[in-house]
Structures are given as C-alpha cells and as structure tokens.
Amino acid sequence: MQWFLGYAQNGLASEVLDLYKRMEFEGICPDAVTYVGVLSSCANLGAQTVGSQVEHRIESSGLSCNPFLKNALINMHVRCGNLLKARGIFDRMSEKTLVSWTAMIGGYGVHGQGEVAVRLFDEMIRSGVTPDQTAFVCVLSACSHAGLSDKGLEYFEAMKNQYKLHPGPEHYSCVVDLLGRVGRLKEARELIDSMPVEADGAVWGALLGACKIHKNVGLAEIAFQRVIELEPENVGYYVLLSNIYSDAGNIDGLVKVRLMMREQKLKKEPGHSYVEHKGKIHLFIAGDREHPQTEEIYRMLDKLEDLMTGVVMAQKNNGDSEKEAVAETGVGVHSEKLAAVFGLLNTDAGTDVVIIKNLRICRDCHLFMKLVSKIVERQLVVRDATRFHHFKNGVCSCKEHW
DNA sequence: CTAGGGTTAG
C-alpha cells in the first residue's frame with residue numbers, strides 16, 4: 001500500500017490510478033492515506049472524473065472530516081479547474097490550516113484571479129495564520145499572472161522584513177516574472193544582480209520570457225547565456241531565444257540557435273496537451289493536421305485568434321448573476337489553444353457564459369459547440385498519459401513549438 | 001502493532 005505514496009510523491013500519477021483501479025477491482029478498501037495519494041495523482045493529471053468518483057467514495061466511507069483529505073480535495077478541484085467546488089470545501093472547513101489557505105490562494109493565482117488570491121492572502125493573515133515560503137510563492141505568482149506588480153513587490157518586502165523569511169530562487173523567479181511581464185526589464189535585471197542567493201535557471205528563464213514579450217533581443221542574449229550555463233539541456237530556452245530572433249526578423253540569430261541545438265543533439269518534442277472531457281482524455285499535438293476538417297478547424301482558430309490577447313483564463317463568480325469564464329490565450333495557433341478553449345467549456349463549475357475579450361458567447365453558441373464537436377469527433381484517447389499540461393494562466397506550461 | 005499524508009514558480 002505504501003506504493004501509493006511512493007508513486008504519487010514521485011510524480012508517477014498514472015501508475016497510482018492504475019493501482020487504485022486494481023484495488024477497486026479486488027475489493028480492497030482504501031484508507032485515508034491511500035485516498036490522499038490518489039487525489040494528489042488526480043490533481044497532477046487533471047483527472048476530474050476519477051477525482052469526483054473518489055470524492056464520492058470518501059463521502060460514503062465517512063472519511064470526509066479528515067483535514068488532510070479536505071486539503072487534497074481542494075487541490076484536486078483546483079487543478080482540475082473547478083475553483084467553485086474547491087472554494088465550497090474550503091469555506092466549510094472549520095479548521096483551515098496554512099496548507100488549506102495556500103492551496104486555495106494558489107488556485108486563484110493559477111486561474112488568473114490575482115485579486116481574489118490577494119484578498120484571500122490578506123484574510124489568511126488577519127485570521128492569524130502565518131505564511132511560509134510556499135504561501136509566498138503562491139501569492140507572488142498570483143500577482144505576476146494578474147499584473148499586480150506593485151502589490152507583489154509589497155509582499156516580497158513583507159516576506160523579508162516582516163516575516164523574516166529568506167527568499168529562495170523560486171521567489172526571485174516569481175518577482176523577475178512579475179517585473180518582466182509588465183515591461184520593467186531593467187528592474188528585473190537589477191534584482192537578479194542584487195540577489196543574495198545564487199540565481200537558478202528559472203530566474204534567468206523568467207527574464208528571457210519577459211524579453212520575448214517585450215521584444216528585447218539584447219537582454220535576451222544575456223539571459224540566454226546565463227540560463228544555458230545552468231540548464232544546458234533545457235530545449236525550451238533555445239526555442240524561446242530562436243522565437244525572439246524570429247520575431248525580430250534576425251535570421252542569423254535564428255540559424256545560430258538552431259545550429260547550437262543540432263550540435264548539442266537537442267530535439268524539441270512537439271508541443272502537446274490533453275484535456276479530459278466527459279470521462280475521455282483528448283490529445284492535441286501541435287501542428288497536427290490529420291483531421292479531415294483541419295482547414296475548417298484552423299479557420300475557426302484564426303477567428304478566435306483575432307479575438308484573443310494576453311494570457312488569462314479565469315472564472316468569475318458574480319454571486320447571483322451568471323457565472324462567467326474568461327478566455328484569453330497567447331500567441332500562435334497551436335494545439336494548446338484548442339485545449340484551452342476545450343478545457344474552458346469543460347469546466348463543470350456551472351459556467352454559463354464564455355467571454356473572449358469583449359465578445360460574449362453563450363455556452364451553447366454554435367461557434368463554440370461546432371469547434372468542440374469537431375474536436376470530439378476525433379475521439380482521440382491517450383494511453384500514455386504521463387503528465388497533464390496545466391493551463392496556467394490559460395496557456396499550457398510547455399514551451400512554444402517550432 | 002499502526003504511521004503515513006495535504007500546499008510550491010518557470
């Protein structure tokens with residue numbers, strides 16, 4: 001039985017779910033710790049159907065009071081995109097631990113609701129719970145995704161001065177991202193230079209990402225230099241720089257990076273993602289043109305592309321009014337976008353309206369349903385689901401493909 | 001015999 005935690009904690013989520021299925025088949029009754037491992041795996045895979053089944057089993061087995069399980073459930077719902085369910089459990093918890101707060105704050109952050117995350121963080125402090133390094137990572141990243149750079153900087157200062165916590169590279173990478181996204185590249189660079197701890201690849205990578213957004217080729221070259229000293233095998237950074245060159249029309253640079261990659265024998269796997277819909281996992285591969293209606297699908301995506309900017313995917317709950325989901329995705333038409341739209345429609349959080357920029361589209365709108373039904377027609381099922389790509393901020397976390 | 005276990009950016 002300890003395999004469960006072993007597998008779960010080592011990221012072998014699909015193995016956990018396989019084992020769990022076997023247990024069910026053999027009629028073995030799982031205990032609370034087993035459920036924790038299963039739920040954590042569901043969270044990592046975005047397996048919301050299994051997750052909800054497990055939730056029901058927990059309820060009927062009388063384990064639902066277990067605070068560990070409640071936190072695991074919150075996390076599962078958060079990672080499967082169901083913030084409202086997560087919030088429901090959170091609100092009904094009598095004893096909210098730091099972990100409960102952190103999971104919920106991180107959830108809002110990941111789904112682009114920085115303002116809510118910040119409000120919750122302040123509420124946590126008012127309730128007498130002291131944040132730790134993890135909580136600060138969550139709130140800083142929430143601020144960065146929502147463009148709340150000054151608020152984020154305030155938290156960063158409070159972390160050091162008020163809470164006497166030593167920021168690690170993971171905090172610095174958040175703050176570099178926070179500054180970089182809003183174009184404060186100079187400050188981001190200065191922050192890195194002033195770091196009392198060693199910068200890791202993520203710190204320079206965050207700067208490189210900011211250079212991509214703000215088209216700063218010179219600084220990108222510096223950041224890239226540093227980042228590959230630290231992570232020479234990470235293909236994503238090569239791709240990022242080559243895309244920066246490509247955007248700038250710098251063909252020499254582009255060729256240079258491609259040659260570097262060839263010398264290092266680095267190959268970029270095609271970007272892919274999968275999303276669970278009605279119990280089936282659907283796979284999307286970047287640049288995939290296998291479908292007989294590919295032309296139509298891409299025309300539809302081009303239409304969506306025109307309407308989409310930024311990188312936010314959020315769910316808004318306006319109390320009694322209709323529940324809305326906001327979709328905005330990043331640049332380049334590829335599979336992640338399909339999955340992001342798909343995932344958006346897939347939330348069973350009671351979303352009635354999908355907003356793309358200022359265009360309001362009803363959930364049943366034929367534009368969306370046509371797109372979705374076309375994707376569903378393919379009935380692509382993934383067997384080797386090793387890692388679910390989370391729609392952090394509406395965009396898959398994997399790097400852009402060529 | 002029964003502990004263990006939940007939260008972390010790019």
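1. A nonpolar core is taken here as a set of buried Ala, Val, Leu, Ile, Met, Phe, Trp, Tyr and Cys residues joined through side-chain atoms within 4.5 Å, where buried means under 20% relative accessible area, exposed over 50% and partly exposed in between (1.4 Å probe, protein chains only). The largest such core has 87 residues, and those with the most contacts inside it are I74, I105, L207 and L208. Helix 15 (residues 235–247) supplies the largest share of this core, 8 residues.

2. This is a predicted model, in which local features need pLDDT of at least 70 and side-chain atom pairs count only at pLDDT 80 or more, while totals for chains, interfaces and linings use all residues. Residues are numbered from 1 along each chain as its sequence is written, chains are lettered from A and ligands numbered from 1 in the order in which they are written, and side-chain values use heavy atoms, with hydrogens and water left out.

3. Helices (H or I, at least four residues) are DSSP runs numbered from the N terminus, and their axes are lines fitted to C-alpha atoms over the stretch in contact, with angles running from 0 to 180 degrees between N-to-C directions. The axes of helix 5 (residues 67–79) and helix 6 (residues 83–92) come within 7 Å and cross at roughly 160°. The two helices are therefore roughly antiparallel to each other, a class that takes angles over 145 degrees, against under 35 for roughly parallel, 65 to 115 for roughly perpendicular and oblique for the rest.

4. Contact means heavy atoms within 4.5 Å. By that criterion K70, L73, I74, H77 and V78 in helix 5 meet L83, K85, A86, I89, F90 and R92 in helix 6. By class, this contact has 7 nonpolar, 1 polar and 3 charged residues; Ala, Val, Leu, Ile, Met, Phe, Trp, Tyr, Cys and Pro count as nonpolar, Asp, Glu, Lys and Arg as charged, and the others, Gly among them, as polar.

5. Leaving aside neighbours within four places in sequence, I74 is in contact with A86, I89, F90, M93, A103 and M104.
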